[in-house]
Amino acid sequence: MKKRIRRISLITLFVITGLLFVARFGGPKILSFYIETAVGNCRDIPVLCIAPQEEMVNPAVDEIYLAELRPYNFPGIRIFLPKGFTVVKQMITKVYYKKWRQRAKGATIYLLYEPEGFFVRLFPQLKNNSINNDYDFISRVMYARVNEINSVVDAFFVVMKSIFIPNLADQHNVKIIKFTSPTQKGFIGYNIGTKENYFDCNIIGAGGYFKIYIKDKAKILDLSKVLSIISTIKKMPDASLP
């Protein structure tokens, strides 16, 4: 865990150093150009210009559908998932999103868990910019837009967005929603395609940060079913990270 955090911190330090240099000598326009050159623009990576368009409060849970799911237990978490998917638990590394893209050849569900306060500990300098918890961090990531960069912090979160959102196929069809319930809140990026469906769920609940990435080859899931699946995820009281 410490080695993983150190790797991400070194990469982040390198990115921030470059951003500070550009911001000091170039201003917002040069900063935006730097990010577009290094990361991408709205044409190349449409998701970098997409923000949550809808908010769902207390989304309905389909109890009948939940009865069809089976339990999965991993170090740190428990969740109920549908049959027919390869289920893999991941850990955050600097290239984890690229590995997902390479390995997700069939119907696949990737799970990720980090304990509460993970992002605040990873980037403590952001507390000066009102990032006080994991939800603040993920929210800034999801609302980041490459065409709305006015500061180094804006640029930083665009870079984070390019890292944290995995493959969602044709990004021109991607939508992002914000959701809140009594026990969870977060964001879902999804693409209901003609051949496959993709869902990238970022959840902040009691006990930490959860990520669920779903590649639905058979198109058996929709947003309602995914929200029902999300409602079952929880941190195990006596679990510890590997």
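The model is predicted, and local features are reported at pLDDT of at least 70, side-chain atom pairs only at pLDDT 80 or more, while totals for chains, interfaces and linings use all residues. Residues are numbered from 1 along each chain as its sequence is written, and side-chain values use heavy atoms, with hydrogens and water left out.

To begin with the overall picture, the protein holds seven helices and ten strands; these are DSSP runs numbered from the N terminus, with helices (H or I) of at least four residues and strands (E) of at least two. Of the 242 residues, 52% count as buried, where buried means under 20% relative accessible area, exposed over 50%, and partly exposed in between (1.4 Å probe, protein chains only). The accessible surface comes to about 12000 Å², and carbon and sulfur atoms account for 55% of that area; such areas come from the Shrake-Rupley method with a 1.4 Å probe, and for residues only the protein chains shown count as cover. Among contacts (heavy atoms within 4.5 Å) between residues at least 6 apart in sequence, 60% join residues at least 24 apart.

The interior comes next. A nonpolar core is a set of buried Ala, Val, Leu, Ile, Met, Phe, Trp, Tyr and Cys residues joined through side-chain atoms within 4.5 Å. The largest such core has 41 residues, and F137, I138, F157, M160 and F164 touch the most other members. At least two residues each are supplied by α1 (2-38), β5 (108-115), α4 (118-122), α5 (134-143), α6 (152-164), β8 (197-205) and β9 (208-216). Helix α6 gives the most, with nine residues. Beyond its neighbours within four places in sequence, F157 is in contact with L126, I131, F137, R140, V141 and A144. A second, separate core of 30 residues includes A107, Y113, I212 and I214.

The structure holds 15 aromatic pairs, defined for rings of Phe, Tyr and Trp (its six-membered ring) with centres within 6.5 Å; planes under 30 degrees apart count as stacked, over 60 as edge-to-face and the rest as tilted. Y110 and Y213 are stacked, because their ring centres lie 6.2 Å apart with the planes at 20 degrees. This pair links distant parts of the chain, as Y110 in strand β5 and Y213 in strand β9 are 103 residues apart. Both Y110 and Y213 are buried. F156 and F157, in turn, pair edge-to-face, at 5.1 Å centre to centre and 80 degrees between the planes, and both are buried. One aromatic cluster is formed by F118, F119, F123, F137, F156, F157, F164 and Y209. Elsewhere, K185 lies over the face of Y135, 4.3 Å from the ring centre; a charge sits over a ring if NZ of Lys or CZ of Arg is within 6 Å of the ring centre and within 35 degrees of the ring normal.

Finally, three strands form an open antiparallel sheet in the order β2-β3-β10, where pairing requires at least two DSSP bridges between two strands. Strands β2 and β10 (234-235) are the edges, each pairing on one side only. Strand β2 (residues 70-74) meets β3 (residues 77-81) in the antiparallel sense over five bridges. Across them, P71 stands opposite F80, and F74 stands opposite I77. Two residues separate the strands of this hairpin, in which G76 takes a positive phi near 100 degrees.
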